[in-house]
Each structure stands twice: as structure tokens, then as C-alpha cells.
Amino acid sequence: MSIRSEPLVGLARPPRPALSRSGWLDREAVFSWLMMAPPLLFLAGLVGYPLVYGILLSLQDRAVAKPGHFVGLRNFIADFHDPIFWRVAVNTVVYTVAATLLKMVGGLGLALAMNQHFRVKNLVRALLLLPFIVPTVLSTVAWMWMLDPAFSVVNRLLIGIGVSPPGPSWLGNPALAMFSIIMINTWRGLPFYGITLLAGLQTVPPELYEAATIDGASGWHRFRFVTLPLLKPIILIVTLFSVIFTFADFQLVYVLTHGGPNNATNLFATYAFDLSMGAGQLGLGASVALAMLPALGLLIVALTLYMRKS
Amino acid sequence: MVTGYGRLEQTVRVWLPVGFFLVVALFPFYWMTITSIKPDSELYNRHLMPLLVHNPTLKHYIDLLTQTHFLLWTWNTMLVAIVSTGISLVLGVMLAYPLARMRFAGAGLIAMTVAAIYLVPQPLLFIPLADVINRLDLGNTLTAVILTYPTMLVPFCAWLLLGYFKTVPKELEEAARIDGASRLQTMRRIFLPLCTPGFISAGIFAFTLSQNEFLYALIFLTRSSVRTVPVGVIAELIRGDVFYWGQLMAGALLGSIPVAIIYSFFVEHYVAGLTSGSVKG
């Protein structure tokens, strides 16, 4: 088929009628750019322009409903001297690294567990993806209730197995609050990891395992030297995805702790929101949001280049 | 392996880990459900066994539907999700088709730009966008979110469809071209009807993403009558320090059901879309 289709492609290109309007419209470049113009204009207007405008805002002392003045880098200097800003930076990194590692390890475990033969596998897979499907805000409200200071079901179960009442203050203690948002982010994102890796596992040819077994490889060695290298590209892509969206997470923290207690769980996105929408300091808020850009930009470029390559 | 012992071992090896993941994944939904049908006297009683319902009641649902704008929020959410998904599919096709099928200078650059825009998270854009929406005088209108959701959905749909389009054989289109059809006719009459599975995948994803969106809706929609479910639930069922847990859980459950139903119908498409993103790149 592939041998025959080559000459056909050549034939498929009809001789262009010179300068006729329909002929002009049918040229590949003209057709393509005309077709792409509306979506590209849309994205330029509502992504490109706001991105540039956000950078301009970060250089102004702009407050809500007031004209702003150019202040140079003063907002960024204020960020630099703001202890909360550095707290937020550390929180964001801790949150991203911990949640991503947990999702990676747990997701691999889920994929390996699911990569066995059993009945109702498709049903199980569908159920396991539910945390990823359901709107984050709604499932986070359920977690908030499960970790409620007075009526936490988690604590009641813990007390049932011997923890002394009233049990840990999941959202009131700074370290536990960070632990809680990491766990809930993992709960939500792990199925995405697991099911994607499962799809990767299913593409590993069984002959490779058979060959490895004949060569005397143990279960661990088969995993380490056959499975893992073949999964590496998928793990890398999913991880970059997860890092980007965890780094810029907003909803979960806004709903569960609102950055508290005492900024212990405040992230870049929630802090930028508080400054801009809460305190009305659009310029300062924009500078905090833009502080994410170097790291995010690097990750986005890396992921884009990698996806293009593969 | 055929012995009873081997089969038992097999069962344990499958269901011990899978069961663990299932319990962790599903417990919050179980807890949502039983909280929503417990009377307050049970909800706030620490001496009762919490995992069971003793006297189920629909009171929280009735309160939710009669005392709040929940039905209106649901309508708003569906309207916004359907319209922005539709817009995003159309614009996504307009980007993906030329990128998948045509050869022209700059195609690679455009493809990369689209992928990069998909990865730009909302927190990077919401402050300037809020100002833009204000200047367009679109605050507190559903148009504000219908216009902004596609900023994340269009690149996403384009990217997913691009991958799908490349798997569709070219022969039919080539035949249509030989028969004298224009490029536009070929695309609309011959090519797009072949791509229904791709549209379903992209559509379900876009739909769940719109249902999930919170930040833009929180900023742009501050009047109760235009709110979407996530914002309505957070902003109006949590009043100060008072939590109406029964109503909150009823709202969370009802708000999750549309997505869950649509997802259950198209779960295979969803998984295919999920994996095509990273497997086929």
C-alpha cells in the first residue's frame, strides 16, 4: 500500500488553474492560513494580549478602578523583601515536588496492579478515574468535611483504632495542612498518572519479558531493565504535565485552607489572587503571578520540545 | 497455577492492591453520599457509628433546591460547558486540520505555539484577563466565561485532534480532490465525518474541563443568578464560619453527576484521549 500511495500523492495534486479565485483559495498555504486565522486571532486576543498586558501591569502601581503609573521593577523589589513571598515560593516547591513524587510512585503502583488479568477490569478502571473526572472544587469540599476539626470521619476512624481523641488537626496545624493539600492533590491526580502509565505498560511487547525471563532476570530486574526504560518517555511527559499544573494550582488550596493557617499553605496562585482580587493591588498581584513565569516557562518549553520530538 | 491455592494467590495479588486503590479513590464519594442523606441530628452526633445512615432523609436536597439557586447554577454550568465546548471544537478543528494535512511554511512553529499555550496555566492570566473583562463590561455575564474557557480548551482540542487526524488515512481525501472537490469541501464532506471518535474524545475532555473550571468563574461571576455550580457551592453554602454540610455534600454530589454520567457513557473514548495525549504525543 505504501509503495503504491507514493505516486498517487503526486497525481492527487491537480494542475493549478492560474490566478482563478478558487484556485488561489485551494493553495495549501492560503487555505491553511485562512482556516487558522480565526482561532489564532482568538488566542492572540485572549492569551497573547493578556500575557503581555500582565507583564505591563506588573510594572505599574495599578489598583482596582484607578489608573496605574509606571513604577519600573518596584513591585518585584517589594516581592523580594516580602517574607510571605518567600514562604509562598518554598510552599509551592514543596507542594509540587512532594505531590508529583507521590503521584509518580503511586501511579506506577496503580498501573502495575491494574496490568494483571482479572474480570471487571474496565469497570475498575472507570471507577478509579472518578477522582480525576469530578470537579476539583466539589471533591475538595468533601475532603474538607472529612477533615473537619470537630466531626472529621478520618479522625473518628483513627480514634477507633486507638489514636487519642480528638485526633490530629489536619487543617489547623501548619505542617499537617501542607500534608493534607499534598495528599488530596495526589488523590485527585494519581488516577491520571496510573491510567496513562497503564496504557504505556500495555504497549510493552510480552516477548521482551519472555526473553528477559529466559536470560534469568528476576521480577525486579524485569521491571528495572525492561519495563522502566520503555516507560521512561511516558513517565517524563506525565511528570512534566503534573509539575506544571501542580505548580500553578489554585482551586484545591483556595477551597481547603485559603492559604492558611498563617500562610502555611499559601501558593503563588492563591497569594496572587489575595493581593489582586482581595486587596485590589492588581500590579503587585501580577508581579507575584509572573514570578511563576521563569520556572513555568522553562517547563513549558521543555515539554513542548519533547512532545514535538516524540 | 490451576490449583485452588494458585487461584487464591492470584486473587490476592490482584485484589489487595486494586482494592486498596479503589477504597481510597471512592471513599470520599461514599462519604459525600451518606452525609447528604443524614439528618443533622446524626451528622453532628459523635456517639453514632459514622459510616452508616440510621434515618435517611432528603431534607438537605429539598433545602438545596428550594433555598438556593442550585438549579439555576446547574443550568448555567451546563450552558457554559456546552457552548464553550462547541466553540472550542470548531476552532480546534480549524487549527488542527491544516496542521495535520497541509504543508506550509510556519506549520511547525504554529503547532508548537498551540501546545505551549495549552500548557499556560490560568493563574498566569487571570489578573490581566479580569481587567480585560471589566473593560469589555462583561462582568457578571455568562459571556465572560464562555469567552475565556476556550482559551484553555481550543489549544487542548486542537492538540488532541491533531494527533487523531494524523491517524486517519488520506486516500479518501485524495480521491475527492481528484474528483474536483475543493479543499474546504474535502475537509467538511469527506474528512470530518470520519473523525467522530476524535470529536467525542476532545468534546468530553473539554466538557469536563469546563465543568471543573473555578478561577475565572470565581472572579467574573459574583452575582448569584449567573454563578456556576462550583462557585455557587463555595460562595453561598459556606456562610462565614457556618457550614451547611448536608447541603454542601448534596450539592457536591449533584454537581458531580452530570460529568459522571457523560463520562460513564464515553469512558473508552475518554481513556483513549487520555492516553493518546502522552502515548502517541
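A crossing of two helices is left-handed if the near helix is turned anticlockwise from the far one by less than a right angle. Keep that in mind for a pair of helices described further on. The model here is predicted.

Start with chain A. Chain A has 16 helices and zero strands. How is chain A spread out, compared with a compact globule? The radius of gyration of chain A is 26 Å. The globule rule gives 19 Å for 310 residues. The value for chain A is well over that, so chain A is more spread out than a compact globule. Its box tells you the dimensions. Taken along the principal axes, the C-alpha atoms of chain A fill roughly 80 × 70 × 30 Å.

Now turn to chain B. Its domain assignment gives domain 1, residues 4-57, and domain 2, residues 67-280. The C-alpha centres of these two domains of chain B lie 33 Å apart. The domains do touch: seven residues of domain 1 of chain B are in contact with six residues of domain 2 of chain B. On the domain 1 side, α1 and α2 (40-43) of chain B are the elements that give two or more residues. Helix α1(B) gives the most, with four residues. By class, this side of domain 1 of chain B has two nonpolar, three polar and two charged residues.

Next, look at where the chains meet. The contact takes 84 residues from chain A and 76 residues from chain B. On the chain B side, the largest share is 14 residues, and it comes from helix α1 (residues 4-36) of chain B. That side of chain B has 57 nonpolar, 13 polar and six charged residues.

One helix pair joins the two chains in detail. Two packed helices are described by the angle between their axes and the distance between the axes. Take helix α8 (residues 136-146) of chain A and helix α13 (residues 245-265) of chain B. Their axes come within 9 Å and cross at roughly 150 degrees. Angles over 145 degrees count as roughly antiparallel, so α8(A) is roughly antiparallel to α13(B). The crossing of α8(A) and α13(B) is left-handed.

Which residues make the contact? From α8(A) come A:Leu138, A:Val141, A:Ala142 and A:Trp145. From α13(B) come B:Trp245, B:Leu248, B:Met249, B:Ala252, B:Gly255 and B:Ser256. The residues of this contact of α8(A) with α13(B) divide into eight nonpolar, two polar and no charged.

Methods
Residues numbered from 1 in each chain as written. Chains lettered and ligands numbered in written order. Predicted model: local features only at pLDDT ≥ 70, side-chain atom pairs only at ≥ 80, totals over all residues. Contact = placed C-beta atoms within 7 Å. Nonpolar A, V, L, I, M, F, W, Y, C, P; charged D, E, K, R; others polar. Domains from an automatic or database assignment. Axes fitted to C-alpha atoms, helices over the stretch in contact; angles between N-to-C directions. Parallel < 35°, antiparallel > 145°, perpendicular 65-115°, else oblique. Rg over C-alpha atoms; globule rule 2.2 N^0.38 Å.
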